[in-house]
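Please read these points with the structure open beside you.

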Amino acid sequence: MPHLKTFACLLVGSFFLPLSVCTESTISKTASILNPFQHTLSGFMRMHMPSYKRSNPTPQTTLLELRWPLCAGKHTSILGSFCVPPTTPEMEKKPKTMLPRLSIDVAAAGEQELTIFLLNDEDDSMTRLKRDSFENKSCSSIAEYAEVVVPPTPGSNKVSTSRSLTGSQAHMWFVVAVDCKTRVCPNVTSANITFFHPNSDGSREVCTSDAISLEVMRAAMVEGWQALSIRNVLNISGVTPLGVVVLYLIFSLATIASILLAVKSKGEADLSKRELLHAAFYLSTILAICYLTMATGNGLAVLRKVGSGSSKWAYSNAVMATPGDHKHPNPFYDEAYARARTYPFFYARQVEWLLTSWISLHFLSDVVGAPPASRQAVLFCATLRVLCDFAATSVTGGARWVFWVLECLFLLACILELNAFKHLAMRRSKHVTSSYQRIRHALCGGWATQAVLWIPCAGTKGFSGDADVVLYGLVDAASVGIVAVTLAFGAHVHGVSLRSSSGGE
């Protein structure tokens, strides 16, 4: 097709195609052809497409040419990153010919004044920059960890500088442009950065192949140790310390059960019994890991009430809810928004339900000798039940009730499929039938209780976050615990394997 290239330019822009391919002439040519979309395409013509061009004028020089670079965060544009190899004192005696050097020329649109920051990867500066940019902190905060700060030229929208770079170890250096005055995305029209690298080829191989520096490891260890403080461990949005303690308690009990089951399975000589012990171990281990994930504040999305109605909830905006500090206040902070009620959505819980349901139903099908068609049907219904619960909990509008109804329908289908397993269990033995009934009651009772709890918890948000954690935690621990104990010790208690096909006592 003759205009395929132009359509590709409109769809993907210059992120994937060279600037020479996506020109305004090709866009305007297509606009004249597609009259019904002419107004829309004229908007594309007025847009400035980002372009990035890297070249090597000499073996020791790398030139990076940018036009309209994209923004990273609220007020930051990362213009380039460069790997600088280690330097020596002898090299510093001849800085013009021996030291790496960055020559920067940046121009902004209109009267916008830009500040240029040079940062390296030491002390986790880029992570701090991303956080500060997301929270829209002032430039004084960035200057605390920047290696070089180039202030804007008074009365000019252009900034030029040239700096030699030194260091005893290889480091990545980053050139960042920030509009410190208005604290909005910098409108960089052009940026030309020349990287002089006399002692390397300009690639990143030196920086990526070296081991992590001791300083970076030390900083990571300090940060991790600080995160283990009681205040941080018990701080989860939407949940009080009581709810966090309950999560850790369930994790601890499940971990202890996993260890005991692992030890017992090692000493079990009967292969059939060992397999069932492994199944119980899988269940308790998944429960432990998922609840540890929730207890540490992960696998979590926070909902915040945004209106007077019970259904007016939205996912929390961290920028509006974070005040910053006295030195670097957040201008977007909304005190009323921050004080609004929050509710936790632990999607790690649905992951646990999905995995434990699969394992429980798989081994229950083996125990009763279910045919492949029945096994597939019950696994399909159980999977759709969990997925509908996830959709019902994640959707903030009224459509969530539709997914809850679908969850109940798939729950009913699961119960009917499991009821059909009864005659298969009765063919094997009374012990198998008794174990089947306990597992079925634990699964169906747990699933039905979860569906009922959804109404006052995630459905209407009538219960608190702590009540959500405690009630769901008790149901999870009870249902998974009963299934695990039945699989692990049913054979031992009854004296025969659950897989035994003997005809009764």
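1. Strand β10 (residues 300-305) pairs with β12 in the antiparallel sense over 5 bridges, where helices (H or I, at least four residues) and strands (E, at least two) are DSSP runs, numbered from the N terminus, and two strands pair if DSSP finds at least two bridges between them. Within this pairing, Leu300 stands opposite Phe346 in β12.

2. A word on the basis of these notes: this is a predicted model, in which local features need pLDDT of at least 70 and side-chain atom pairs count only at pLDDT 80 or more, while totals for chains, interfaces and linings use all residues. Residues are numbered from 1 along each chain as its sequence is written, and side-chain values use heavy atoms, with hydrogens and water left out.

3. The sheet around β10 is open and has 3 strands in the order β11-β10-β12, with antiparallel pairing. Its edge strands, each of which pairs on one side only, are β11 (313-315) and β12 (342-346). On average, and with direction ignored, neighbouring strands of this sheet are turned by 35° against each other; axes here are lines fitted to C-alpha atoms, for helices over the stretch in contact, and angles run from 0 to 180 degrees between N-to-C directions.

4. A second open sheet is formed by 4 strands in the order β3-β8-β5-β6, again with antiparallel pairing. Here the edge strands are β3 (76-84) and β6 (148-150), each pairing on one side only, and neighbouring strands are turned by 15° against each other on average, direction ignored. Helix α6 (residues 125-134) packs on this sheet and touches β3, β5 and β8 (171-178), its direction making about 175° with that of β3; contact means heavy atoms within 4.5 Å.

5. Strand β5 (residues 115-120) is joined to β6 by 3 bridges, and the two run antiparallel. Phe117 stands opposite Val149 in β6.

6. Turning to the helices, α17 (residues 400-419) and α19 (residues 430-459) pack at an angle of about 170°, with their axes 11 Å apart. That angle makes α17 roughly antiparallel to α19, because angles under 35 degrees count as roughly parallel, over 145 as roughly antiparallel, 65 to 115 as roughly perpendicular and the rest as oblique. Among the residues making the contact are Trp404 and Leu411 of α17 and Trp447 and Ala451 of α19. By class, this contact of α17 with α19 has 15 nonpolar, 2 polar and 3 charged residues, where Ala, Val, Leu, Ile, Met, Phe, Trp, Tyr, Cys and Pro count as nonpolar, Asp, Glu, Lys and Arg as charged, and the others, Gly among them, as polar.

7. Helix α16 (residues 372-394) also packs with α19, at an angle of about 10° and with the axes 11 Å apart, which makes α16 roughly parallel to α19. Ala382, Arg385, Asp389, Ala392 and Thr393 in α16 meet Trp447, Gln450, Trp454 and Ala458 in α19, and the residues of this contact divide into 5 nonpolar, 2 polar and 2 charged.

8. Two loop residues deserve a look at the backbone. Trp68, in the loop between β2 (61-67) and β3, has a phi near 50°, a positive value in a residue other than glycine. Lys461, in the loop between α19 and α20 (465-494), has a phi near 60°, likewise positive in a residue other than glycine.
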